[in-house]
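Visitor: I am new to this structure and would like to learn how to read it, one feature at a time.

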Amino acid sequence: MIAYTGPFWPLFLHVLGAMVLFGAVLAALIAIAAGHRAAGFKALLIAVPAWVLMRGGAEWTYSHGYSAVKDQTWLKLGMNVADGGLIVLLLALGAAYWSQRTSNPRASRTAAALCAVYLALLAVAWLAMTGKWG
Amino acid sequence: MDTYHWLLTLHVTAAFLFVGGSVAAGVLNALAVRAERPSETAALLKLVRKTLPLIFIGVGGTFVFGLWLWHQAHYGIGTAWLWISLVLWAVANALGGIGGQHQEHARKLAEKLAAEGDTPNDELNRILADRKGNAVSWAAGLATLAILALMIGKP
């Protein structure tokens, strides 16, 4: 971030959205793993607007000169995690909803596993984007 | 990767743990405030503790790697936005600690009430809705947000 010289708001909203997204999914994982299904589902609901903020900020940042480096590994990886990760997030949300409606332990395990996978994907994305891989 | 990018990666990772852990704690606290029974409130406030190791690693990491980056990126000793960030970092931690004590007080009362019949209680509701206690946590969040703004904006 110290090296970034573009406009303030796009990157600020992108990073803020990503951090809130990470925190909301982390809260969901902790709640679901502890058996608090409804709390886990509600925490994942907070993750959805955070994803929109993160993705919107990314697109806005990209429009400020990043198209010149669109073939860089770090940028492609970040974009793929942002877009592909939405599927994982929505599947986690669906599993958490299923879990709180039915109290099915398999649904809880699925929701927790998907949250863990999504947190790992987010970590890979921030490592790649900060370290400027490739 | 060169030394600068390694340090930046570690600093940003610590920032994610600090802010993300704080957000997770805030979400669990907000859900605890809205819980109907004291046992639910107590259980959700207890879960906040699970975020603390991440927050502590983040707090330490942002400080250590932040200072190292200051040196590595050749910013001067008088760089105002870095000094302001350091002050805000200390303020956020102090306020976060005070907010945490308020949550602990609420958790202990909720656990006591859960063991004594688990019915809604006015005193617990008053503590959970206490403006002063909640304002401290919100102020800690705002200080953290201001640090993020300074790191990106570098005024």
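This is a predicted model: local features need pLDDT of at least 70, side-chain atom pairs count only at pLDDT 80 or more; totals for chains, interfaces and linings use all residues.

Visitor: What radius of gyration does chain A have, and why does it agree with a compact globule?

Guide: One compares the chain with a globule of its length: chain A has 16 Å, which agrees because a compact globule with 134 residues would have a radius of gyration near 14 Å. Along the principal axes, the C-alpha atoms of chain A fill a box of roughly 50 × 25 × 20 Å, and buried residues make up 46% of its 134 residues.

Visitor: Which residues have the most contacts inside the largest nonpolar core?

Guide: That core has 84 residues, and those with the most contacts inside it are A:Leu21, A:Ala24, A:Val25, A:Ala28 and B:Leu28. If neighbours within four places in sequence are left aside, A:Leu21 is in contact with A:Ala47, A:Ala50, A:Trp51, A:Met54 and A:Leu122.

Visitor: How many residues does the contact take from each chain?

Guide: The size of an interface is often given as the accessible area lost when the parts come together. Here one can count residues instead, and the contact takes 28 residues from chain A and 27 residues from chain B. On the side of chain B that touches chain A, the elements giving two or more residues are α1 (3-33), α2 (38-48) and α6 (131-153) of chain B, and α1(B) gives the most, with 15 residues. By class, that side of chain B has 19 nonpolar, seven polar and one charged residues.

Key. Residues are numbered from 1 along each chain as its sequence is written. Chains are lettered from A and ligands numbered from 1 in the order in which they are written. Two residues are in contact if their C-beta atoms, placed from the backbone, lie within 7 Å. Helices (H or I, at least four residues) and strands (E, at least two) are DSSP runs, numbered from the N terminus. Ala, Val, Leu, Ile, Met, Phe, Trp, Tyr, Cys and Pro count as nonpolar, Asp, Glu, Lys and Arg as charged, and the others, Gly among them, as polar. A nonpolar core is a set of buried Ala, Val, Leu, Ile, Met, Phe, Trp, Tyr and Cys residues joined through C-beta atoms within 7 Å. A residue is buried if 20 or more other C-beta atoms lie within 10 Å of its own, exposed if 12 or fewer, and partly exposed in between; C-beta atoms are placed from the backbone. The radius of gyration is taken over C-alpha atoms; the globule rule is 2.2 Å times the number of residues to the power 0.38.
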